[in-house]
Structure formats: C-alpha cells, structure tokens
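Dear colleague,

Please find below the structure that I am handing over to you. My findings follow it, and I would be grateful if you read them with the structure open.

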Amino acid sequence: MNRRDFLSQSALSALALPPWARAQASGGAPRRDPVARQGPDAPKLQGPREQSIFDSVRSGRGLEGVDAIDTHAHFQEMPKGVIWPLNVETLMADSHRCGIRQTIVSPFAGYNATNGEQLRAAHDACVEAVAKYPTSLRAYLVFQPHLRKASEAEMPRVLQAESPFVGFKLHGAIDHYPTTGPNYQPLFEFANEHGLTVLLHQSEEELKPVASVIQKYPRLNLILAHIALLPDNLGSYLKANPNLFADTCGSTLPYRRLEQLVHEVGAEKILFGTDATYLAVGSQVAKVAFANISEEEKRLVFGGNARRLFGSRLAPL
Amino acid sequence: MRFFDCNVMIGQTVAPLPHGALDMRSLLAEMDRLRIEKALFFHYAFGMDAKNDMNRLTLAAARQSDRLVPSWVLDIALSRMDEKLEDQVDRMLDAGVKAARIFLDEGPSAGPLSLKIYMLESLYARLNLHRVPLLIPDEYLHGQPTPYSQVPRASYDDIEEICRNFPDLPVVLLQPPYNSQQDVITLAQRHKNFYFSMSIYGLFRELENTGALIGADRILFGTDMPVFDPSLPIGLILYSAMNDRNKELIASENLTRLLEAVR
C-alpha cells in the first residue's frame with residue numbers, strides 16, 4: 001500500500017477500529033497502548049530493557065535463542081554482479097546474519113514458468129538448494145493455475161519420504177487468478193486430504209473468497225501473505241476461521257498494525273515472513289522484534305506457530 | 001548506533017490515522033522505546049493559515065526537548081500581502097530552524113503543488129544561499145494528494161531542475177519506494193546535492209548496492225511516523241551488509257552534517 005492510499009483510507013479505517021483504538025485515533029481519549037489490556041489475562045507490557053528479543057535485535061546482534069522460521073522467502077539463481085541478487089547463498093547469508101534458523105522458499109522461476117518443464121526445473125532447483133542447507137532450508141511447491149496439469153503432476157513430491165517440500169505457494173496476484181477459480185481446486189483438495197499448508201498471495205482485495213475456500217477445506221491450513229496488503233477486516237476472518245493465518249512480510253507496515261492485530265486475534269494466528277530475496281531481511285525481523293507485544297507473543301510469531309503448522313516437515317531444532 | 005530520524009509528523013489530523021496521532025510526549029516515548037536519539041519533525045495543522053500554524057506549533061513543541069529538531073513547513077504560495085515568498089527563509093533561520101519541507105496546501109482554496117523553478121525561484125535561491133536542506137515527499141512526484149489537497153503537479157524532472165540550478169541546496173527526497181531506484185541512483189549520480197531517505201527503499205540488498213553506487217553519504221534514515229511502522233528502517237540499517245561506518249552515516253551523521261552546514 002502506498003502512503004497516499006493509506007492516508008486516504010485512514011478515516012474509513014479508523015471507523016473499523018475497536019472502540020479503544022478509535023478513541024485514541026480521534027484524539028478523544030488518553031493514549032493507551034494496544035497491548036495494554038485490562039484484566040487477569042492481559043499480557044504483561046514489557047519495556048525494551050526486559051525484552052531479550054528487542055535487545056538482541058536493537059543491538060544488531062541478530063535473534064538469539066529464538067527459533068525463528070521465515071515462512072515466506074524466495075530465491076533464483078542470478079548471474080554475478082547483478083544489482084539485485086536473488087540467489088540462495090545470499091539469502092542464507094542475510095538470514096543467518098539476522099539469526100533466522102530456518103527459511104522456507106518458493107522459487108521465482110516457478111512463478112515465471114510458462115510450461116511444465118520449467119515448473120519442474122524450478123522445483124528441482126529447490127531440491128538442490130535444500131540439499132546445500134539441509135538444516136536451515138525447506139521449500140514450497142509452486143502451484144501455477146495456468147499450468148494445471150503440470151502443477152498437479154508435481155503435487156506428490158510433497159509426500160515423498162524426506163521431501164524438502166513442506167507445502168504449497170500460490171501467487172494469484174501474479175497469475176491474475178481468483179482464489180475460487182476451478183484450477184486451484186485440485187490443489188486445495190489435495191492439501192485438505194493430507195492436512196498440508198498453503199501460502200497464498202491472493203489476487204482479490206477482499207477476503208470472502210478465501211473464507212469460502214477454507215470453510216470448504218477445513219483440514220488445510222492457509223496462510224495469507226502480507227498483512228499490510230490485506231483489508232482492515234482481516235482480524236474478523238482470522239478469528240472466525242481456525243485454519244486461516246497471515247504472515248508479516250511487506251515493504252511497509254501501517255503504524256502499530258501488528259500490535260493491533262495481535263491484540264485482536266492473538267499471536268497464534270500470525271507467522272513471520274520476510275519475502276526475501278524480494279525484500280531485505282533486516283526490516284522484516286525488526287518489525288516483529290520491535291513490536292510492542294510480549295516476548296512470548298514474539299516467539300510464537302517468529303517460529304512457534306510455524307512449528308505447529310509445519311511440524312516434522314521442518315528441520316528439527 | 002545513534003539514530004536521527006529525518007521524517008516525523010506530530011499533531012492530530014482531521015481524518016484520524018488508524019492507529020492514532022503522535023504528540024510531543026508520545027513521540028518522545030516512542031523514540032525512547034526504539035532508542036532514536038533525535039527526530040527532525042513538523043507539527044501538522046489544518047486551517048485557513050495552516051502553514052503558519054504548523055510552524056508555530058512546531059516551534060512550541062521543539063522548545064520542550066532538544067531531541068525534537070524542528071523543520072519549517074514552507075509556504076509555497078503567497079499568503080501575506082507584505083511579504084515575499086523567500087522572506088520566510090529569514091524568519092525560519094531567525095527562529096533557529098535549519099531544515100525546510102514541502103507540504104501540500106490543503107482546503108478548497110488551495111491550488112495544486114508546483115515545484116517549477118519559475119514559480120519558486122526566489123525561494124530556492126534563498127534556501128540555496130543558506131544551504132538549507134529542502135525535504136520533499138516522494139509521493140508528491142507521483143500525483144498523490146492528501147485527502148484535502150489538489151493532485152500535486154510535480155515530478156522527478158522538477159527535482160533534477162532544482163538540483164541542477166541550485167547546487168548548494170541539499171534536496172532530500174523523502175521515502176522514495178523501492179521501485180524508484182533508477183530515479184534515485186541517476187539523480188544522485190548527476191547531482192552532489194541530492195539525498196533521499198530510505199524507509200521503504202527495502203528490496204533485498206538494495207540499500208547496500210545503492211550505497212555502493214552513489215555513496216552512503218547520500219542516504220538518510222527516516223521513519224515517516226506515525227504513518228508507517230518505524231521498526232522497518234531501523235532493522236534495514238542494523239542488518240544491512242555494509243560496514244559500521246556507512247551504517248552510522250545513514251543512521252544519523254548525514255543528517256547532522258547537512259544541518260551543521262546551514263549558514
């Protein structure tokens with residue numbers, strides 16, 4: 001979302017806020033921190049001095065003692081000397097510098113594929129990449145709706161013993177393909193049958209189509225990419241659908257949006273992602289590390305939720 | 001590492017921002033929390049004499065803490081019968097303010113922004129004379145209005161013209177997005193007085209490679225609070241694959257140097 005759109009939507013957004021935030025936004029009540037809930041179940045609001053995650057990141061040391069799992073990354077082999085390197089070695093270097101222990105990638109080449117051979121080759125590149133980094137890298141299979149048969153033929157790779165693949169990535173926005181389109185249905189049925197996770201960058205601006213899919217396929221877990229791109233009513237959908245999640249990655253984030261979402265739906269519904277090697281890693285780490293949420297909530301977002309969703313498909317701790 | 005934020009707004013907007021406005025106290029609290037040492041800021045105001053109100057409120061807030069460094073919101077259309085546009089630069093300097101910023105005129109009577117030299121030559125010349133950094137939001141170059149302004153008529157061509165004609169005037173482009181790298185790099189390579197803030201300039205290794213091409217001394221840290229989350233640009237600098245010296249330049253020293261060069 002660009003700054004202009006954000007500002008022009010701000011009045012409507014404010015109306016969609018819960019009463020405590022609306023009062024704050026309008027200046028009509030004293031400022032309260034989004035996580036400063038009242039009552040016995042209120043998480044303790046910790047200052048930065050008490051937060052080891054905050055301290056380790058703010059000092060530039062990297063995440064320490066955190067099982068950080070990047071659930072949304074990419075790579076592609078590129079020639080040397082390019083201004084925008086996308087190769088897996090650079091990705092892993094930056095991820096390790098930030099203290100990320102495990103990264104799940106999907107291949108850019110999978111989105112760019114225009115025939116089945118290219119799609120298969122993109123997935124083969126994932127196998128090679130994971131073989132290089134067996135303890136810190138896993139991959140998604142890309143399901144390309146315009147290559148339906150080829151994509152379906154690739155699906156069983158996720159079930160093979162010792163598979164490097166942990167789930168599927170759909171990019172409806174690139175493919176200009178609706179979430180409810182018929183070509184996605186075989187994938188959703190397969191993922192539902194096997195209880196797999198699907199990461200979706202959807203083509204729609206609203207969430208109704210996603211809700212219809214996940215309600216039809218309750219055994220699959222669906223992660224919506226990019227909370228900053230998702231509509232303001234994301235929280236109500238996350239709350240209503242136990243198999244729906246959202247990830248944190250994005251080039252921008254509205255001020256206090258992460259705190260507001262964690263307050264509204266719980267940290268259990270949010271997963272950490274970087275979108276590297278599209279985006280830089282450090283900014284994505286900082287948005288969670290510096291959020292005004294509890295240490296326990298940060299650990300869930302950084303990796304606890306990914307462990308729960310992907311289980312033994314990830315490399316062990 | 002010390003951080004000096006070049007782009008912060010305080011004050012209530014008419015249509016509220018979703019997660020609230022910042023006032024002087026809450027900004028300082030947020031700076032404490034994130035360990036941001038200083039912030040170059042302005043106070044928003046809306047009304048018939050908005051720019052005057054903005055600067056009055058900015059100066060009042062700045063008096064409360066030396067960590068809050070005021071920036072002057074420029075009148076870009078004549079608003080006083082007995083004053084030339086460039087006279088405000090003298091008033092600004094007399095008030096101890098060492099940075100100026102463009103903000104769209106708002107309200108039904110406001111015209112669209114133009115940065116053309118024939119419109120603002122005397123103002124640019126006076127800023128150039130004193131080497132006052134001029135902050136220009138990138139969104140104005142893409143026709144993005146505020147909810148109460150006309151669509152701005154400005155472009156990267158205007159930035160190029162200003163930089164070329166006023167070589168002692170530091171022009172700071174605020175928050176160019178990550179896909180503006182060709183404009184940013186080209187302008188910086190052509191003009192030694194071009195700078196930009198980096199909060200959403202966050203493609204993978206983009207900051208590092210741009211710094212290698214144009215020099216880290218041309219990049220400034222800025223957050224755009226309270227519109228965007230300030231954590232991202234801090235993390236971008238802390239974890240960039242560049243040496244500590246370049247990180248320090250971006251985090252605070254470049255802005256400090258620009259302000260100290262004002263004469």
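**The contact between chain A and chain B**

In this predicted model, 63 residues from chain A and 47 residues from chain B take part in the contact. The area buried between chain A and chain B is about 4,700 Å², and carbon and sulfur atoms give 61% of that area.

A salt bridge joins the side chains of B:R205 and A:D94, with an N to O distance of 2.5 Å.

Several helices of chain A supply at least two residues each to the side that touches chain B. They are α1 (3–8), α2 (10–15), α3 (19–26), α4 (52–58), α5 (88–97), α13 (257–265) and α14 (282–289). The most comes from α14(A), which gives 6 residues to this side of chain A. By residue type, the side of chain A that touches chain B divides into 31 nonpolar, 20 polar and 12 charged residues.

**Chain A as a whole**

Chain A has 317 residues, and 61% of them count as buried. Its secondary structure consists of 15 helices and 8 strands. Among the contacts in chain A between residues at least 6 apart in sequence, 73% join residues at least 24 apart. The accessible surface of chain A is about 12,300 Å², and 53% of this surface belongs to carbon and sulfur atoms.

Yours sincerely,
A colleague

Conventions:
Residues numbered from 1 in each chain as written. Chains lettered and ligands numbered in written order. Predicted model: local features only at pLDDT ≥ 70, side-chain atom pairs only at ≥ 80, totals over all residues. Heavy atoms only, no water. Contact = heavy atoms within 4.5 Å. Buried area = accessible area lost by both parts, 1.4 Å probe. Salt bridge = Lys/Arg side-chain N within 4 Å of Asp/Glu carboxyl O. Helix = DSSP H or I, 4+ residues; strand = E, 2+ residues; numbered from the N terminus. Nonpolar A, V, L, I, M, F, W, Y, C, P; charged D, E, K, R; others polar. Buried < 20%, exposed > 50% of the residue type's maximum accessible area, 1.4 Å probe, protein only. Areas by Shrake-Rupley, 256 points an atom, 1.4 Å probe, with all protein chains shown as cover.
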